[in-house]
Amino acid sequence: MENPGFYTRPTNPESLKEAAEETEALECPQIIGPYKVETLLEKGGMSILYLGTHPDTKEPTVIKVLSPKYLTRPEVVKSFLDEAQIIALADHPNIVKLFGHGNWEGGLFIAMEFIEGISLRQHLLRYPSSLKQALGIVIDIAYALCHLHTHGVIHRDLKPENILFTKAGVIKLIDFGISRLLKNSGNESDRAMPMMGTPIYMSPEHRADLDTVSYPSDIYSLGIITYELIMGKLSHGRIHLSLMPKGLQPIIGKMLQPDLQNRYKDVVDVITDLSTYMKTKSFNEELLPMDRLSEVASDLHQTELWL
């Protein structure tokens, strides 16, 4: 690994430090737009998350508010507004749904569906997946990416923390805070922002120059996630393709090519190759020794949730 420290450093550490200091001082508003606020969920680097109630359906609703101190930063405001536009475009069962967005007395807000479940990171660390289950999850994520890419959206921060696993076993892609419409990529607001993203899952071009990030950059991130799901543990930036099933090695290898010219250009090709592999004789021969146990454990977990 060329620079081990790069993969472990926090992104925008000053913002994270400030966020921790400000969380204690926050007062929870009673109303944001038309939504009644129930409680504070989380304070991030540039935004605050509240749990609220939808005025019509009474559904639990996540309300994301831009931190007041960033309201005077045009590039941050534009990024926040872009996020609402992107979620509005992404009407897909594997992507978080937008309920509304707009202005309130405290600035700007985005209201989204509340997803009850755990992050893919937590799922990966708690519940071992069989090869079939892992690839099923990857294909669901790939379909969500395909929908985004079809609408000209690059996620730019695909990682297990930004993928939720619901109690029903449905994958939900969340957090479009640094996502971009390709037509808007490379604008002044991009250049004014600090390096954003999570180093371990960043493609080489993302680390080098944010302006060069495109659809294959999301595919690279998906390649890291695929590796981790099959290994059943986080990679921490260390990838050993020789540990993968032989039939998968060329697919994951192509997803993780440093050179854009050699990487998959279209996530549809990734879905096709993974689906084809799962129908081959070698797939059944390469099932991992713990696969059957993993499937039984998963069935028991789903039964427990149902009960």
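How many cavities of 30 Å³ or more does a search of the whole structure find? The search finds two. Before turning to them, here is the fold around them.

**Confidence**

The model is predicted. The average pLDDT of the protein is 84. A score of at least 70 is reached by 80% of the residues. Residues 1-20 have a pLDDT below 50. Beyond near neighbours in sequence, that stretch makes 29 contacts in the model.

**The six-stranded sheet**

Six strands make an open, antiparallel sheet. Their order is β1-β2-β3-β4-β6-β5. The edges are β1 (31-32) and β5 (98-104). Each edge strand has a single partner, so one of its sides is left without a neighbour in the sheet. Strands β4 and β6 run antiparallel and are joined by five bridges. Val 62 faces Met 112 of β6 across the pairing. Helix α3 (residues 74-89) packs on this sheet. The helix touches β4, β5 and β6, and its direction makes about 25 degrees with that of β6.

**The three-stranded sheet**

A further open sheet has three strands, in the order β7-β9-β10. Its pairing is antiparallel. Here β7 (117-119) and β10 (171-173) are the edge strands. Each has a single partner strand, so one side of each lacks a neighbour in the sheet. From one strand to the next, the twist averages 30 degrees. Strands β9 and β10 run antiparallel, with three bridges between them. Leu 164 sits opposite Lys 172 in β10. Helix α5 (residues 131-150) lies across β9 and β10. The angle between α5 and β10 is about 35 degrees.

| Strand pair | Direction | Bridges |
|---|---|---|
| β4 (residues 60-66) and β6 (residues 107-113) | antiparallel | five |
| β9 (residues 163-166) and β10 | antiparallel | three |

**The largest cavity**

Back to the cavities. The largest cavity has a volume of about 70 Å³. Its lining comprises 13 residues. Nearest its centre lie Arg 156, Tyr 201, Met 202, His 206 and Ser 221.

Which helix gives the largest share of this lining? Helix α8 (residues 215-231) does, with three residues.

Conventions. Residues are numbered from 1 along each chain as its sequence is written. This is a predicted model: local features need pLDDT of at least 70, side-chain atom pairs count only at pLDDT 80 or more; totals for chains, interfaces and linings use all residues. Side-chain values use heavy atoms; hydrogens and water are left out. Two strands pair if DSSP finds at least two bridges between them. Helices (H or I, at least four residues) and strands (E, at least two) are DSSP runs, numbered from the N terminus. Axes are lines fitted to C-alpha atoms, for helices over the stretch in contact, and angles run from 0 to 180 degrees between N-to-C directions. Contact means heavy atoms within 4.5 Å. On a 1 Å grid over the protein atoms alone, a cavity is a set of points where a 1.4 Å probe fits but cannot get out, and a pocket is an open set with protein on both sides within 12 Å along at least five of seven lines; lining residues have an atom within 4 Å of a point. Grid points are joined across faces, edges and corners, and a volume is the space filled by probe spheres set on the points. pLDDT is the predictor's confidence in each residue, from 0 to 100.
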